[in-house]
Amino acid sequence: MMSYTPLLILITLLGLFSSSTSTAFDAVKGVSQDGFLDVTVEKRSPTTDSPKVNFDSLGNLNTALVYINKYRVAHQVAPVTWNMSLAQYAARAAYPCQFRPSGGPYGEVLVGSSTVNNPEWFIWFLYHEIDGYDFKNPKVNDPATKHFTQIVWKDSKQVGCAFVNGCHDLKYQLWCEFSPKGNTGSQLAYRNNVKVADKSKEIPGMPPAII
């Protein structure tokens with residue numbers, strides 16, 4: 001997998017084996033539940049180079065959501081809807097620039113690079129963990145495919161993402177939170193939630209890594 005691009009670091013999903021959690025969320029005051037908000041999180045400590053953490057950085061988290069949902073539809077599950085509370089959680093988790101799982105209750109996917117700055121490319125990269133996934137005999141303990149399975153997990157209904165630009169070690173980072181979280185349960189749960197692709201549906205190809 002790492003041959004796709006240099007300096008790309010992946011971290012596996014949070015809570016891979018914990019029980020699924022369903023939580024109701026309220027929209028941010030003054031922002032619609034399915035809206036997008038371009039914000040910069042205020043820095044928590046004095047720095048001269050505070051990274052920007054945006055819900056719609058570069059204007060393309062909307063298209064990243066489109067990518068997620070095209071993969072989901074291709075795998076015969078319903079699209080996820082955007083949730084601003086999840087996006088805010090992702091932004092708070094991303095801001096410290098530590099690039100490690102937040103320990104929260106959601107299905108979290110993290111991906112970062114010192115050069116790649118296109119969230120769509122990150123989604124495409126994570127999806128292609130499919131190459132190592134065995135649909136007939138899924139390895140529920142295998143961290144190498146946990147991003148793919150979360151992206152297409154049937155019982156996940158909502159997602160919120162944040163994009164980081166300016167961290168020192170990994171300049172660009174994409175954080176996405178899914179609810180209810182995926183990657184829970186036995187092989188049966190995986191077979192019920194991770195469907196094979198319908199080849200008659202569109203499966204997005206590789207977008208540009210640099211935009």
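This is a predicted model: local features need pLDDT of at least 70, side-chain atom pairs count only at pLDDT 80 or more; totals for chains, interfaces and linings use all residues.
Start with the helices. Two packed helices are described by the angle between their axes and the distance between the axes. For helix α1 (residues 61–74) and helix α3 (residues 119–127), the axes come within 8 Å and cross at roughly 20°. Since angles under 35 degrees count as roughly parallel, α1 and α3 are therefore roughly parallel to each other. The crossing of α1 past α3 is right-handed. On the α1 side, the contact is made by Leu61, Thr63, Ala64, Tyr67, Ile68 and Tyr71, and these meet Pro119, Glu120, Ile123, Trp124 and Tyr127 of α3. Sorted by class, that contact of α1 with α3 comes to nine nonpolar residues, one polar and one charged.

Now for strand β6 (residues 172–179). Eight of its eight residues are buried, so β6 is largely enclosed by the rest of the structure. Both faces are covered: one side carries Tyr172, Leu174, Cys176 and Phe178, the other carries Gln173, Trp175, Glu177 and Ser179, and all of them are buried.

What about the partners of β6? Strand β4 (residues 107–113) runs antiparallel to β6 and is joined to it by seven bridges. Within this pairing, Glu108 has Glu177 of β6 as its bridge partner. Strand β5 (residues 158–165) is also antiparallel to β6, with eight bridges joining the two. Here Phe163 stands opposite Leu174 in β6. β5 and β6 form a hairpin with six residues between the strands, and in this hairpin Gly166 takes a positive phi near 125°.

Technical notes:
Residues are numbered from 1 along each chain as its sequence is written. Side-chain values use heavy atoms; hydrogens and water are left out. Axes are lines fitted to C-alpha atoms, for helices over the stretch in contact, and angles run from 0 to 180 degrees between N-to-C directions. Helices (H or I, at least four residues) and strands (E, at least two) are DSSP runs, numbered from the N terminus. Angles under 35 degrees count as roughly parallel, over 145 as roughly antiparallel, 65 to 115 as roughly perpendicular and the rest as oblique. A crossing is left-handed if the near helix is turned anticlockwise from the far one by less than a right angle, and right-handed if clockwise. Contact means heavy atoms within 4.5 Å. Ala, Val, Leu, Ile, Met, Phe, Trp, Tyr, Cys and Pro count as nonpolar, Asp, Glu, Lys and Arg as charged, and the others, Gly among them, as polar. Buried means under 20% relative accessible area, exposed over 50%, partly exposed in between (1.4 Å probe, protein chains only). Two strands pair if DSSP finds at least two bridges between them.
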